[in-house]
Amino acid sequence: MAGDRGLTRLTATELASRIRDGEITATDAVDAHLERIDARDGEINAFVTVCADRAREAAEAADRALEAGEDVGPLHGVPLALKDLGGLKDGTRHTFGSALFADNVAERTALFVERLEAAGAIVIGKTNTPAFGHKGTTDNAVVGPTASPIDTDLNAGGSSGGSAAALAAGMTPLATGSDAGGSLRIPAAACGIYALKPTFGLVPDDGRPSAFGRSTHHVTKGPMARSVADAAFGLSVMAGPDPSDPRSVPVDVDPLEAVDRSIDDYRIGYSPDLDVFSITDAVEDIVDDAVTAFADAGATVEEISIDHGYSMADLEAAVMPTYTTSILETATLLEAEHGIDLRDHEEEVDNSLLAMIEAGERYGPADIARSGVVRTGFFDAIQDRLAEYDLLVTPTLSRADMGLHDEPGSEGWNWTLTWPFNWTGHPVGAAPVGLTDRGHPVGIQLVGSRFEDDVVLAASGALERERPWDHLYEDADE
């Protein structure tokens with residue numbers, strides 16, 4: 001197999017340590033991952049753009065800095081993949097997952113990318129996403145669908161599917177994603193990796209031309225990795241307030257300390273279905289077994305109901321205005337910034353995206369107001385449960401068999417147990433917990449109180465110690 005599998009199996013934490021200690025060079029690390037991309041991405045289709053030349057130049061500069069004895073950042077020389085939506089890198093193609101922007105080049109670097117690069121990370125490429133991140137599978141007219149390396153007949157999930165697939169296939173040790181309805185967590189489940197949706201406001205977003213969106217239906221950036229420690233590493237760099245984001249919060253979180261923390265005194269509430277989601281037996285059986293790992297780690301685990309009092313139809317009726325108007329907002333801002341109205345390009349725009357824009361146009365302020373009542377009721381129910389428990393655990397997806405070219409369609413809201421937490425803003429970790437009899441990956445969500453991302457990471461770390469998942473990446477090899 002092309003590429004050094006020894007280096008591409010290492011975590012970001014391990015790579016950073018070995019580079020600083022002089023055991024390997026940043027050039028070694030970057031070259032190994034670029035060769036791995038050459039070897040695997042033809043089958044997986046995780047990358048939209050590979051920045052080979054710029055990455056090698058950055059690696060050579062990183063090696064010179066170490067040779068000169070300069071102070072270096074904690075991620076010095078570590079390859080990094082950026083989701084091709086929000087992960088702006090100056091001078092690099094940025095498509096938003098849309099063929100209309102296939103030749104678009106970013107004119108600036110996003111704040112969170114600046115922070116990761118300042119810590120020493122080296123951008124090796126931009127990863128695939130559905131157009132403007134509008135759905136829970138990754139497929140577009142730019143490069144096509146992205147496969148899960150666990151089973152290439154399955155879709156990698158969306159909308160951060162390219163990042164998750166690149167991680168699982170060993171093409172990068174660290175990646176970024178964003179989450180408007182589960183876009184970090186869905187692909188984490190589909191590809192068997194770990195992702196963290198931070199508390200809303202913890203990772204600042206300097207997106208323009210509007211800095212005031214993302215609150216009716218919370219959208220946030222977050223880290224993706226193969227290990228909890230790597231995700232904590234990423235969050236420690238990405239988090240922290242910034243005046244460019246009016247919704248960023250000055251909350252001090254120590255992600256790195258949390259990973260190895262004992263959970264002996266934790267009380268964990270396990271909701272198999274958030275009261276109303278239809279979970280397949282294959283998923284429920286694996287998750288039922290997986291939650292015993294928290295008890296094995298010393299926590300108290302109890303099966304609970306959320307008692308939010310809503311039917312699935314009630315929740316769907318409330319989420320449609322919040323989500324589709326957020327997509328309409330995206331389309332409106334694109335027209336304002338780039339002069340392109342997606343509705344004028346029906347041949348180049350996904351029908352599913354056009355349908356969401358049209359749905360968003362049908363809702364008005366009164367609909368948003370009514371949805372806020374349901375949203376508040378759900379939020380209060382979660383808050384009540386988190387007053388009793390340190391953490392809530394649920395499945396990530398109701399089923400584990402989304403094919404490479406499948407679309408969730410009208411069942412999409414029931415497929416993902418993720419989007420209610422984009423209403424509430426709670427931090428959520430997403431971890432792999434096993435494979436079905438058909439070899440399909442299954443994941444769980446770990447939901448913590450707002451601004452207690454460290455609690456989520458502590459429980460995630462305990463789960464990883466009790467039920468390691470690195471064997472999934474051996475299964476993902478050729």
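Modeller: We will go through helices, cores and a few backbone details in turn. Keep in mind that this is a predicted model.

Colleague: Let us start with helix α8. At what angle do helix α5 and helix α8 pack, and how far apart are their axes?

Modeller: The angle is read between the directions of the two helices, from N to C. Helix α5, residues 111–118, packs against helix α8, residues 228–238, at about 115 degrees, and the axes are 8 Å apart. That makes α5 roughly perpendicular to α8, because angles of 65 to 115 degrees are given that name. The crossing of α5 past α8 is right-handed.

Colleague: Which residues make that contact?

Modeller: From α5 they are F112, R115 and L116, and from α8 they are G234, V237 and M238. Sorted by class, the contact of α5 with α8 has four nonpolar residues, one polar and one charged.

Colleague: How does α8 pack with helix α17?

Modeller: Helix α17 covers residues 453–466, and its axis lies 9 Å from that of α8, at an angle of about 160 degrees. That makes the two helices, α8 and α17, roughly antiparallel, because the angle is over 145 degrees. On the α8 side the contact is made by V228, A232 and L235. On the α17 side it is made by D453, L457, S460, G461 and E464. This contact of α8 with α17 divides into four nonpolar, two polar and two charged residues.

Colleague: How many residues of α8 are buried?

Modeller: A residue counts as buried when its relative accessible area is under 20%. In α8, nine of the eleven residues are buried, so the helix is largely enclosed by the rest of the structure. Among them are D230, F233 and L235. Just after α8 comes G240, with a positive phi of about 125 degrees.

Colleague: And how many residues of helix α6 are buried?

Modeller: Helix α6 spans residues 161–168, and eight of its eight residues are buried, so α6 is largely enclosed by the rest of the structure. The buried residues include G161, S163 and L167. After α6 comes G170, whose phi is positive, near 75 degrees.

Colleague: Now the cores. Which residues touch the most other members of the largest nonpolar core?

Modeller: A core is a set of buried nonpolar residues joined through their side chains. The largest one here has 142 residues, and L75, I193, Y194, F294 and L342 touch the most other members. Helix α12, residues 312–338, supplies the largest share, nine residues. A second, separate core has five residues, including I186, L397, M402 and W415.

Colleague: What is L342 in contact with?

Modeller: Neighbours within four places in sequence are set aside for this reading. The contacts of L342 are then L100, F132, A331, L334, V349, L353, L354 and I357.

Colleague: At what angle do the axes of α12 and helix α13 cross?

Modeller: They cross at roughly 110 degrees and come within 7 Å, with α13 covering residues 351–362. That makes α12 roughly perpendicular to α13. Residues of α12 in the contact include M320, Y323 and L328, which meet residues of α13 including L353, M356 and I357. By class, the contact of α12 with α13 has nine nonpolar residues, three polar and one charged.

Colleague: Is F277 buried or exposed?

Modeller: F277 is buried, with a relative accessible area of 4%. It is found in the loop between β9 (267–270) and α10 (281–290). Leaving aside neighbours within four places in sequence, F277 is in contact with M312, W413, N414, T416, L417, W419 and P420.

Colleague: What is phi of D275, and what is phi of F451?

Modeller: Phi of D275 is near 80 degrees, a positive value in a residue other than glycine. D275 lies in the loop between β9 and α10 and counts as partly exposed, at 28% relative accessibility. F451 is not a glycine either, and its phi is positive, about 70 degrees. F451 sits in the loop between β13 (441–448) and α17, and at 26% relative accessibility it counts as partly exposed.

Notes:
Residues are numbered from 1 along each chain as its sequence is written. Side-chain values use heavy atoms; hydrogens and water are left out. Axes are lines fitted to C-alpha atoms, for helices over the stretch in contact, and angles run from 0 to 180 degrees between N-to-C directions. Helices (H or I, at least four residues) and strands (E, at least two) are DSSP runs, numbered from the N terminus. Angles under 35 degrees count as roughly parallel, over 145 as roughly antiparallel, 65 to 115 as roughly perpendicular and the rest as oblique. A crossing is left-handed if the near helix is turned anticlockwise from the far one by less than a right angle, and right-handed if clockwise. Contact means heavy atoms within 4.5 Å. Ala, Val, Leu, Ile, Met, Phe, Trp, Tyr, Cys and Pro count as nonpolar, Asp, Glu, Lys and Arg as charged, and the others, Gly among them, as polar. A nonpolar core is a set of buried Ala, Val, Leu, Ile, Met, Phe, Trp, Tyr and Cys residues joined through side-chain atoms within 4.5 Å. Buried means under 20% relative accessible area, exposed over 50%, partly exposed in between (1.4 Å probe, protein chains only).
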